[in-house]
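I opened the model to look up strand pairing first, then the helices. My notes follow.

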Amino acid sequence: MTSHDGPPGFDISVPHPARRYDYWLGGKDNFAPDRASGDAIAAIFPGIRVAARENRRVLARMVRHLVTDCGIRQFLDIGTGLPTAGNTHEVAQSIDPTCRIVYVDNDPIVLAHARALLTSHPAGRTNYLDADLRNAQQIVGSDAVADTFDLTQPVAVLLIAVLHFIASDDEARSIVQQLVEPLAPGSYLAMSHATADLLDPEIVAKFAAAKAPGDDITGRSYQQVAELLDDLDIQPPGIQVVSRWRPDPGTDPPPDDQVSMYGALARVADRAAARR
């Protein structure tokens with residue numbers, strides 16, 4: 001079963017992260033401003049396309065782990081991005097067709113493609129919500145979430161390559177707290193996040209000097225990423241470069257400085273037990 005909501009309309013004159021990401025992945029659903037922004041970032045950080053691919057791969061590994069090893073059947077995917085191979089519901093429902101997914105994005109192009117292409121297995125459900133990450137309470141309190149999920153059961157919130165678009169540490173922490181607060185114990189938060197920790201200092205300096213390339217991305221240190229997950233139980237293997245987070249057997253991860261993104265999975269604890 002598939003349902004949707006969200007208004008039409010978009011501005012293609014301004015680069016959008018989802019369309020720029022699509023460009024880095026070799027997609028065709030992007031416009032000149034998206035490509036110009038993507039090329040400007042790639043001129044400073046040539047590894048960006050490697051990073052985009054590895055980020056996409058860690059999403060699939062996290063979803064597989066959540067379904068297979070953690071028993072999760074409900075996924076709130078915020079910052080969906082344009083459909084490509086291995087979308088959240090495809091990975092989850094390939095293991096258990098009853099899985100339910102709510103996709104959230106603030107780009108109507110993304111939502112239009114999602115409604116057309118991200119079709120649920122008949123035994124499960126996908127839903128779509130037009131909302132901004134900054135409106136976390138609107139997301140978790142939405143009809144799309146209430147109609148799709150059983151909120152007495154655990155939910156996995158996916159924040160894959162999206163929190164680094166929130167410049168303020170305090171706002172980013174608040175968003176995480178608002179998203180997980182209503183969730184049942186045993187829920188999870190899966191996250192990937194850009195970092196400058198692993199970059200050559202010359203690249204970091206170039207980004208700092210540039211007025212446009214990457215100015216919508218706030219790379220955070222290992223410690224800052226850990227602080228975003230305060231009050232949550234970070235699961236093994238901890239905070240890792242995404243290419244090294246539970247890598248598939250036989251794979252050879254690229255150099256860390258070509259990826260430069262951290263990934264982590266954290267569990268929502270039983271708050272009553274935590275207070276005792």
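I started with strand S5 (residues 188–194), which pairs with S8 in the antiparallel sense over seven bridges. I counted two strands as paired if DSSP finds at least two bridges between them. Helices (H or I, at least four residues) and strands (E, at least two) are DSSP runs, numbered from the N terminus.

This is a predicted model: local features need pLDDT of at least 70, side-chain atom pairs count only at pLDDT 80 or more, and totals for chains, interfaces and linings use all residues. Residues are numbered from 1 along each chain as its sequence is written, and side-chain values use heavy atoms, without hydrogens and water.

I looked up partners in S8. Ala-190 has Leu-265 as its bridge partner there. Strand S6 (residues 233–234) also pairs with S8, antiparallel, over two bridges; Asp-233 is partnered by Arg-267. Strand S7 (residues 240–241) runs antiparallel to S8 and is joined to it by two bridges. Gln-240 stands opposite Gly-263.

Is S8 enclosed or open? Six of the seven residues of S8 (residues 261–267) are buried, so the strand is largely enclosed by the rest of the structure. Buried means under 20% relative accessible area (1.4 Å probe, protein chains only).

I turned to helix H8 (residues 169–180). Its buried residues are Ala-172, Ile-175, Val-176, Leu-179 and Val-180. They cover an arc of only 115 degrees around the axis, so they sit on the same side of H8. I took the arc from the directions from the helix axis to the C-beta atoms.

Last, I checked helix H3 (residues 48–68). It is mostly covered, with 16 of its 21 residues buried.

Terms used: Buried means under 20% relative accessible area, exposed over 50%, partly exposed in between (1.4 Å probe, protein chains only). The expected span of a helix is 1.5 Å times one less than its number of residues.
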